[in-house]
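Here is a friendly walk through a structure that may be new to you. Please keep the view open as you read the numbered points.

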Amino acid sequence: MMQIPMLLSSFITRAETHFPHKKIVSRTSPDIIHRLTYADFADRTRRLANVLDGLGVERGMKVGSFAWNHHRHLELYFAVPSVGAVLHMINIRLSPEHIIHIVNHAEDEVLFVDDNLFSIIEPLIPELKTVRHIVIMSDDSVIPNANFESMHDYETVLANASSEYEFPTDIDENSAAGMCYTSATTGMPKGVVYSHRGLYLHSFASGLVDSFGISERDVVMPVVPMFHVNAWGLPFTSVLFGSSQVLPGPNFTPELLIDLIESEGVTFTAGVPTVWLSVLKEQEEKPRDLSSLDRVFVGGSASPRGLIKAYQDLGVKYISIYGMTETSPVVSVSRYTSEVENYSEEEKIDLRATQGIPIPGVQTKIVNEHGHVPWDGETMGELMLRGPWITDEYYKDARSEEAFEDGWLRTGDIAVYTKEGYIKIMDRVGDLIKSGGEWISSVDLENALMSLEGVYEAAVVAVPHPKWQERPIASVVLKDGYEANEETKQRLYDGLRERFASWWMPDEILFMDELPKTSVGKFLKAELRKIVFDQVGMKQ
């Protein structure tokens with residue numbers, strides 16, 4: 001067989017050769033939308049490769065991006081790894097302390113920063129030990145007046161660069177192409193490095209019909225941010241298959257997302273459940289034509305059944321996925337197998353609410369103290385993974401020792417297999433509630449609460465109990481028009497009693513204006529515990 005290296009630069013060549021006129025719609029500010037083609041993208045990416053050479057970027061060097069979802073970020077996704085360097089996507093929502101840590105830990109030498117995000121980076125510059133150049137990405141070509149010697153404007157240096165560039169083909173496919181740090185809830189974020197080979201294979205797997213099923217005919221809008229875990233690999237997969245792309249840019253709103261779906265004919269989009277809750281609310285209040293939208297892929301946290309059904313009632317396939325920063329990220333997808341085609345709609349929604357079946361290339365196992373768990377939908381254990389796009393260590397981090405076991409990644413997620421072999425996440429290791437010797441899933445309680453009338457969001461945490469060891473406390477955000485009173489609380493309890501045994505009932509349901517979330521939209525349980533403990537008069 002021919003030994004052709006699996007390099008991301010081959011995606012650029014394929015896109016410009018076979019799909020030169022396919023579109024990239026890029027919103028960079030509230031009033032500016034750029035319309036490019038893949039021919040334009042290839043030209044600009046080659047210019048950017050020459051810019052990187054001019055800045056002294058060599059193979060293996062780290063180049064940081066601090067940016068929203070737009071065409072310039074997409075160009076970085078390809079130019080940086082294609083010259084042999086490593087793109088470090090910096091999560092713009094991390095704390096200043098964490099941003100300083102990961103830039104220094106990765107040893108970023110060049111930073112590409114959106115102009116509307118520079119105010120976050122500017123006060124940190126004196127603490128960034130390895131950064132030699134900062135490139136500002138903007139539409140007006142104005143460089144901020146900052147106390148830093150080597151500042152550049154992206155569009156200016158691109159215009160002055162040659163579009164003639166031969167991407168090297170002697171790069172080792174196992175070498176680093178990108179890296180991202182986990183959005184840590186405790187301790188410092190951990191770095192994960194992605195290889196050319198891993199991202200290449202992940203992109204092919206994402207195109208499979210029983211995975212994302214992305215094709216040239218799709219118009220793909222990644223709502224999941226490009227500054228975190230490769231935007232679920234969608235930029236790479238879209239370029240590989242020649243899909244049109246719609247990049248929603250900074251500070252998008254539910255109204256904007258729906259408008260883009262309607263105006264650009266979006267067929268595929270992806271994001272976390274909190275986004276699709278707000279989009280659904282907007283659609284209910286001001287309906288748009290969503291007839292182009294075929295499927296929404298949702299991950300990051302479990303989706304309530306009511307949300308899944310609401311989208312299906314709109315004629316949109318709502319498909320749950322599972323992944324992590326450590327897994328590039330896609331592990332499993334809740335596609336229906338032929339086995340379940342004759343299931344009732346309620347049974348099908350139950351499966352849509354799971355994390356699905358592993359996509360080809362990924363191996364999974366769920367183990368507890370007794371070994372591998374059966375496919376019974378009840379026996380819980382820790383989910384473990386391995387595959388060609390799953391990391392085998394954290395970047396320069398001793399915590400790798402506790403996260404990997406005999407070549408398997410320990411996810412820290414407690415899960416079961418359904419009888420059909422679908423993975424269902426029950427909880428995080430630290431969030432599972434043990435009461436009177438029995439396990440209670442906070443995720444199941446949350447999903448049940450969010451399926452009840454009037455509930456917008458819900459999260460459940462454990463509090464210590466002198467007799468039962470731990471008991472659940474629920475925190476609920478109500479939809480507009482619903483009152484936080486005893487009558488509402490009792491109605492929620494009545495809804496839960498229809499589904500769960502009495503010992504699963506939360507000891508208290510607290511009403512809140514909002515729930516704390518991580519930088520990527522997951523419930524921040526550590527912060528919520530502090531709030532709950534304060535409201536119920538307990539000490540952590």
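1. A word on naming to begin with: helices (H or I, at least four residues) and strands (E, at least two) are DSSP runs, numbered from the N terminus. The model is predicted, with local features needing pLDDT of at least 70 and side-chain atom pairs counting only at pLDDT 80 or more, while totals for chains, interfaces and linings use all residues. Residues are numbered from 1 along each chain as its sequence is written, and side-chain values use heavy atoms, leaving out hydrogens and water.

2. Most residues other than glycine have a negative phi, and most peptide bonds are trans. W232 has a positive phi, near 60°, and at 7% relative accessibility W232 is buried (buried is under 20% relative accessible area, exposed over 50%, and partly exposed in between, with a 1.4 Å probe and protein chains only). E107, also not a glycine, has a positive phi of about 65°. E107 sits in the loop between α4 (96–106) and β5 (108–114) and is partly exposed at 37%.

3. Two strands count as paired if DSSP finds at least two bridges between them. Nine strands make an open sheet with mixed pairing, in the order β2-β1-β11-β10-β12-β13-β14-β15-β16. At its edges are β2 (32–37) and β16 (357–358), each pairing on one side only. Strand β1 (residues 23–29) pairs with β11 (residues 244–247) in the parallel sense over three bridges, and V25 has V246 as its bridge partner in β11.

4. Further along the sheet, four bridges join β13 (residues 295–298) to β14, and these strands run parallel. R295 stands opposite K317 in β14. Strand β14 (residues 317–323) has five of its seven residues buried, so it is largely enclosed by the rest of the structure.

5. Where do the aromatic rings meet? Rings of Phe, Tyr and Trp (its six-membered ring) pair if their centres lie within 6.5 Å; planes under 30 degrees apart count as stacked, over 60 as edge-to-face and the rest as tilted. The count by this rule is 20 aromatic pairs. One of them joins F212 and F268, edge-to-face at 5.5 Å centre to centre with 70° between the planes. F212 is in the loop between α7 (196–206) and β10 (219–222) and F268 in strand β12 (residues 268–271), so this pair ties together parts 56 residues apart in sequence. F212 is buried at 0% relative accessible area, and F268 is buried at 0% too. Elsewhere, F11, Y38, F41, Y77, F78, Y200, F204, F236 and F241 form one aromatic cluster.

6. Two charges sit over rings, as judged by NZ of Lys or CZ of Arg being within 6 Å of the ring centre and within 35 degrees of the ring normal. R352 lies over the face of Y336, 3.9 Å from the ring centre. K365 lies over the face of W408, at 4.4 Å.

7. The whole structure holds three cavities of 30 Å³ or more. The lining of the largest cavity includes L8, Y77, L199 and F236.

8. The second largest pocket has 29 lining residues, of which D350, G377, K424, M426 and D444 are the closest to its centre. Elements giving two or more residues to this lining are α12 (345–352), β22 (423–428), β24 (438–440) and α14. Helix α14 (residues 442–450) is mostly covered, with nine of its nine residues buried. In β22 you will also find I425, which is buried at 12% relative accessibility.

Definitions and conventions:
1 Å grid on protein atoms, 1.4 Å probe; cavity = no way out; pocket = protein on both sides within 12 Å on 5 of 7 lines; lining within 4 Å. Points joined across faces, edges and corners; volume = space filled by probe spheres on them.
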